[in-house]
Amino acid sequence: MEKVMRCAIYTRKSCEDGLEQEFNSLDAQRLSAENYIASQIHENWRLISKHYDDGGYSGGNMNRPALKELFEDIKAGQIDMVVVYKIDRLSRSLFDFSKIVELFEKHNVGFVSVTQAFNTSTSSGKLMLNMLLSFAQYERELTSERIRDKFAAAKKLGLWMGGYAPLGYDIQKRQLVINPGEAEIVKLIFELFQVTESCTMVADELNRRGYRTKSRNHAGKNVGGRLFVANDVRRVLKDPHYKGYVTHFNRTYKGIHEAIIDEATWERVQTLFTECGMRKGYGSATPSFLKGILKCEKCGCAMTPTYTYNHGLRYRYYTCSNHIRHKTCQAKIKTYPAEELEKKIVEEIVKILKTPEIALQLSQVAAENNDPNVTNATIISAINDLSEIWEYLYPAEQHKIARLLIDEATVSSDGIMVRMNTEGVEKLSE
């Protein structure tokens, strides 16, 4: 008896429009395939009852539930022939289709397109198949190019072309419209950054005032509405939408929506970003040489350099990091003026280095070194010169010396305690 060819019909439609109709595109594809299978009854073709329908899925990839189910049934040996209305219903990607055909051949499954007659068991059929796939992929790429060109042209006109509205805006009639309440948060972010020059500190202040990120609906779920973090602030400060522009890849165009931030403020903040980038690490523009060395005595947390502006002048401070993060710190004073504190640290270093105990340790280091350039006289000279030349050193040199001499420094309302690294003095005198 001739083997029964178990036939499965696969249907697909790229968009969901029209699927709610009583007789839709998927039904039309299936009816055509059923008629074809019925015409092959003399070849013992039989239609299986299971449906494989992907409504609203692109043929540009294989991330489709019905297609995955079809593959699983093929691997389980439940299908002998796959029938589609057109070849591009199965895939519009030549690369993907080559993998599909490889799967079919591995499990001895045939493939038929109702409106494009070919037989995959012959070399001419495979050639025809590849030609049709090439044209299908060409059509897909051509459509993609048309869409990209449309987006580029619309962006040049300053139009909003979809996506989630940024904080400060709502979408009405496919255009960005200012949300007054959120716009005030955006303005506050720009104002705070000009004072603090820190995205983290801005985020902390926003959270302290009770502000939250923009809430939106995604796939039926409410997302957002959470605490601000530094990256949220950074995205706002770097987003050209707020000065009235739209972006397309690496280009910006004047938008038709209303700006929240004026051009002067925008440029000033971008300049600050550049300067802050230059100050990362301990470059010549970073005067806070105790960063990474100074700790709060009460909670043991690092003291972080902070800044405030008053009448155009910037004032530096060291603040307990726990206090900045709104965590518990039992210290009476949590913020100290930087210049005053740094001066006291230098004085404390010199005072400690001149004590008999340290002098004895340094003498022992010099004796063990057997280096004629490292003597008691050179060590004492280095100590005496330190306080006099300190203020003339570059910040990077100040930090290097502080790292060399200090293991750790702690500060409290009662004073400063410095733990020295005596071996560092030897290196300083070389």
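Two strands pair if DSSP finds at least two bridges between them; strands themselves are DSSP runs of E with at least two residues, and helices are runs of H or I with at least four, both numbered from the N terminus. You're looking at a predicted model, where local features need pLDDT of at least 70, side-chain atom pairs count only at pLDDT 80 or more, and totals for chains, interfaces and linings use all residues. Residues are numbered from 1 along each chain as its sequence is written, and side-chain values use heavy atoms, with hydrogens and water left out.

Start by selecting cysteine 296: across from it, in strand 16, is valine 411. Now show strands 12 and 16 (residues 406-412), which run parallel and are joined by 3 bridges.

Next, the rings. Rings of Phe, Tyr and Trp (its six-membered ring) pair if their centres lie within 6.5 Å; planes under 30 degrees apart are stacked, over 60 edge-to-face, the rest tilted. That rule gives 4 aromatic pairs. Pick phenylalanine 104 and phenylalanine 111: their centres are 6.0 Å apart and their planes at 35 degrees, so this pair is tilted. Then jump to tyrosine 169 and tyrosine 242, a stacked pair at 6.1 Å and 20 degrees. Tyrosine 169 is in strand 6 (residues 169-172) and tyrosine 242 in the loop between helix 8 (230-238) and strand 10 (245-248), so the pair ties together parts 73 residues apart in sequence.
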